[in-house]
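Biologist: Could you please take me through this structure from the overall picture down to single residues? I would like to follow each step.

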Amino acid sequence: MKSAFRNAYFSLSRSLNPIPKPSTISHSLPSITTSLSLSFLPFRPQHLPFRSFCSFSSMASADDSHAPNLSPPPLEKQFKDFRAQLEESGALREKIRAVVVEIESATRLMHVSLLLVHQSRPIPEVLEEAKAQIGVLKGLYGQLAEIIRDCPGQYYRYHGDWRSETQILVSLLAFMHWLETGNLLTHSEAEEKLGLNSSEFVLDIEDYLIGVCFMSNEMPRYVVNRVTAGDYDCPRKVLKFLTDLHAAFRMLNLRNDFLRKKFDGMKYDLRRVEEVYYDVKIRGLAANGDSNANQGVEDQS
């Protein structure tokens, strides 16, 4: 009785919950995995179909493959070129510096000879000794011109290597010219004395003007020494010259640089000469009495 009841119970439960066959389980798994894999696909733009998106990416990769190579040159090659250029520029500066040292030496000898004018030495004798260096300096500037001619367009790149020496030399040449003629050495005359007539190597205008300002620094000392030696008419001549020179400089629109500072210093030279002139005038020491004194006042006006 119990066994019959048990068999009836098992048959009823099998009919209600049948056990799936292995074949059915294996067939149902691919559909589940497929649905899961599709749900985890990477994001793609919604406005493009999947197939068109793939074709766009393939076209972009194809265009990149045909793009020109715009990569910069290697650093090693670039810095090798820099090294060659710097070595070439350094060698050129060494040549220039060798010539500039000789220019400085010849200018120093000229300056030493010209300083004798403050010791009441005869002016022609002093100028003869100083002029002996002009030929040497002209040849040295010719050597500089040949060096610069080998690198056209590079004048102002190396101009600073001889600039200060040129300014001092122009001041000495201008002072010598004034002692001879009583007039200012012009820019073209200074270039002619140094042999700088080519368009590739010239006398810079600013260097010329600074040299003229340097020349005015010698005037007060010269006036005092000449008055001490008994030349009482010298202050009048120097005062007229510096007054005209100062007025000419005021025509220039100068920047706030070294040239402007040297021009501002010229007014102090002019003031010192004025003091000597008025002292000589008040004491009645001017040559030929009051006539020369009155002439000096008229020259200033």
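Modeller: Let us begin with a term: two residues are in contact when heavy atoms lie within 4.5 Å. Please keep in mind that this is a predicted model.

Biologist: Among contacts between residues at least 6 apart in sequence, what percentage join residues at least 24 apart?

Modeller: The figure is 72% for this chain.

Biologist: And how many helices and strands are there?

Modeller: The chain has 14 helices and zero strands.

Biologist: What share of the residues is buried?

Modeller: Of the 301 residues in the chain, 31% are buried.

Biologist: Let us turn to helix packing. How do α4 and α6 meet?

Modeller: Helix α4 covers residues 75-114 and helix α6 covers residues 134-149. Their axes come within 10 Å and cross at roughly 165°. An angle over 145 degrees counts as roughly antiparallel, so α4 is roughly antiparallel to α6. The crossing of these two helices is left-handed.

Biologist: Which residues make that contact?

Modeller: On the α4 side they include Leu92, Ile96, Val99 and Ile103, and on the α6 side they include Leu137, Leu140, Leu144 and Ile147. Lys95 and Glu102 of α4 also take part. By class, the contact of α4 with α6 has 14 nonpolar, two polar and two charged residues.

Biologist: At what angle do α4 and α5 pack?

Modeller: The angle between α4 and α5, the latter spanning residues 123-131, is about 175°, and the axes are 8 Å apart. The two helices are therefore roughly antiparallel to each other. In this contact, Met110, Ser113 and Leu114 of α4 meet Val126, Leu127, Glu129 and Ala130 of α5. These residues divide into five nonpolar, one polar and one charged. Met110 is also among the α4 residues that contact α6.

Biologist: You mentioned a cysteine. How many disulfides does the structure hold?

Modeller: The structure holds zero disulfides. A disulfide is a covalent bond between the sulfur atoms of two cysteines.

Biologist: Is Cys213 buried or exposed?

Modeller: Cys213 has a relative accessible area of 0%, so Cys213 is buried. Cys151 has a relative accessible area of 15% and is buried as well.

Biologist: Back to α12, then. What does His246 touch?

Modeller: His246 is found in helix α12. Leaving aside neighbours within four places in sequence, His246 is in contact with Phe263, Met266, Lys267 and Leu270. Its relative accessibility is 15%, so His246 counts as buried.

Biologist: One more residue, please. Where is Asn183?

Modeller: Asn183 is found in the loop between α8 (163-181) and α9 (187-194). At 46% relative accessibility, Asn183 counts as partly exposed, because that class lies between 20% and 50%.

Biologist: And which residues does Asn183 contact, leaving aside neighbours within four places in sequence?

Modeller: They are His177, Trp178 and Phe241. Asn183 and Phe241 are 58 residues apart along the chain, and their C-alpha atoms are separated by 7.6 Å. Phe241 also belongs to the contact that α12 makes with α10.

Note on methods. Residues are numbered from 1 along each chain as its sequence is written. This is a predicted model: local features need pLDDT of at least 70, side-chain atom pairs count only at pLDDT 80 or more; totals for chains, interfaces and linings use all residues. Side-chain values use heavy atoms; hydrogens and water are left out. Helices (H or I, at least four residues) and strands (E, at least two) are DSSP runs, numbered from the N terminus. Buried means under 20% relative accessible area, exposed over 50%, partly exposed in between (1.4 Å probe, protein chains only). A disulfide is a pair of cysteine sulfur atoms within 2.5 Å. Axes are lines fitted to C-alpha atoms, for helices over the stretch in contact, and angles run from 0 to 180 degrees between N-to-C directions. Angles under 35 degrees count as roughly parallel, over 145 as roughly antiparallel, 65 to 115 as roughly perpendicular and the rest as oblique. A crossing is left-handed if the near helix is turned anticlockwise from the far one by less than a right angle, and right-handed if clockwise. Ala, Val, Leu, Ile, Met, Phe, Trp, Tyr, Cys and Pro count as nonpolar, Asp, Glu, Lys and Arg as charged, and the others, Gly among them, as polar.
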